[in-house]
Amino acid sequence: GRRFFGGYCFLNNAALAALALRRQTRARVAVIDIDYHAANGTTDCLAAHPDIAVFSCHAPGEVAFPHQPDLAPALPVHVFHAFDAPPDAQAYLAVVSRLVEQAVATGAGMLVLSLGYDVIDGDPHGGWHLSPEVFAGVGGILRQSGLPVCVVQEGGYLLSALEDCAAHFTKGLIGLEVDTAPDTRESGTDDGRHAKPAGALS
């Protein structure tokens, strides 16, 4: 926040990214925070900027950091959704989808995503039981919005799972389906199933 530190953050990178993008592009920007903890710092940092909407889904503040009940956003254009109980993948993605739809409805021309992988099962600073595969759904929702996305890596402390989380998110974001068929490119019998989608990076 503007006058407090929280968690492991010394700078609020999502708020800084939103302000920089607005200044450089003149576009309307919205921040979407989908990690385990509330976007209390982001809403505080952007309290003086009502043209930047903030959307956050998270665990309740009384059971997770910052351990404050009744967390409330700073502005009416900031929306908080606290899950009463650990969500399954369907419930989590439904809320993420709704928040993205609300961001688009504000007239946002680009999104800043606070992407935290601490929602997965086994994260030492989380409490939910989602799998890394859920991030393919998150990426797909963002891709379907049609808006440019600035991704800010936030929480995620189960180090052995971070690679899988990032891989699934990236595949969802660029529309790359998981192909479990053997890779035959080196044998010269590639049947086209491994062709990159348009716009994909090598």
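This is a predicted model: local features need pLDDT of at least 70, side-chain atom pairs count only at pLDDT 80 or more; totals for chains, interfaces and linings use all residues.

Colleague: How much of the protein chain counts as buried?
Modeller: A residue is buried when its relative accessible area is under 20%. The protein chain has 202 residues, and the part of them that counts as buried is 42%.

Colleague: Among contacts between residues at least 6 apart in sequence, what percentage join residues at least 24 apart?
Modeller: A contact here means heavy atoms within 4.5 Å. For the protein chain, the percentage is 72%.

Colleague: Which strands stand at the edges of the sheet?
Modeller: The sheet is open, its pairing is parallel, and the order of its five strands is β3-β2-β1-β4-β5. A strand at the edge has a single partner strand, so one side of it is left without a neighbour in the sheet. Neighbouring strands are turned by 15 degrees against each other on average, direction ignored. The edge strands are β3 (78–82) and β5 (149–153).

Colleague: How many residues of β1 are buried?
Modeller: In a regular strand the side chains alternate between the two faces of the sheet. On one side of β1 are Val29, Val31 and Asp33, on the other Ala30 and Ile32, and both faces are covered. β1 is therefore largely enclosed by the rest of the structure, and the count of buried residues is five of the five.

Colleague: Which residues of β2 point the other way from Ala53, Phe55 and Cys57?
Modeller: Strand β2 (residues 53–58) is mostly covered, with six of its six residues buried. One of these, Val54, stands opposite Val31. Ala53, Phe55 and Cys57 point one way, and the residues that point the other way are Val54, Ser56 and His58.

Colleague: Which residue of β5 is the bridge partner of Leu113?
Modeller: Strand β4 (residues 110–115) runs parallel to β5, and five bridges join them. In β5, the partner of Leu113 is Val151.

Colleague: Are α3 and α4 roughly parallel or roughly antiparallel?
Modeller: Helix α3 (residues 89–105) packs on helix α4 (residues 134–145) at an angle of about 20 degrees, and their axes are 10 Å apart. Among the residues that make the contact are Tyr92 and Val96 of α3 and Val138 and Ile141 of α4. By class, the contact has 10 nonpolar, three polar and no charged residues. Angles under 35 degrees count as roughly parallel, and α3 and α4 are therefore roughly parallel.

Colleague: How far apart are the axes of α4 and α5, and what is the hand of their crossing?
Modeller: Two packed helices are described by the angle between their axes and the distance between the axes. For α4 and helix α5 (residues 162–174), the angle is about 30 degrees and the axes are 6 Å apart. That makes α4 roughly parallel to α5. The crossing of α4 with α5 is right-handed.

Colleague: Is Arg26 buried or exposed?
Modeller: Arg26 lies in the loop between α1 (13–25) and β1 (29–33). Its phi is near 65 degrees, a positive value in a residue other than glycine. Exposed means a relative accessible area over 50%. Arg26 has 73%, so it is exposed.

Colleague: What separates the C-alpha atoms of Ala85 and Pro60?
Modeller: Ala85 is in the loop between β3 and α3. Ala85 has a relative accessible area of 46%, so it is partly exposed. Along the chain, Ala85 and Pro60 are 25 residues apart, while their C-alpha atoms are separated by 8.7 Å.

Note on methods:
Residues are numbered from 1 along each chain as its sequence is written. Side-chain values use heavy atoms; hydrogens and water are left out. Axes are lines fitted to C-alpha atoms, for helices over the stretch in contact, and angles run from 0 to 180 degrees between N-to-C directions. Helices (H or I, at least four residues) and strands (E, at least two) are DSSP runs, numbered from the N terminus. Angles under 35 degrees count as roughly parallel, over 145 as roughly antiparallel, 65 to 115 as roughly perpendicular and the rest as oblique. Ala, Val, Leu, Ile, Met, Phe, Trp, Tyr, Cys and Pro count as nonpolar, Asp, Glu, Lys and Arg as charged, and the others, Gly among them, as polar. Buried means under 20% relative accessible area, exposed over 50%, partly exposed in between (1.4 Å probe, protein chains only). Two strands pair if DSSP finds at least two bridges between them. A crossing is left-handed if the near helix is turned anticlockwise from the far one by less than a right angle, and right-handed if clockwise.
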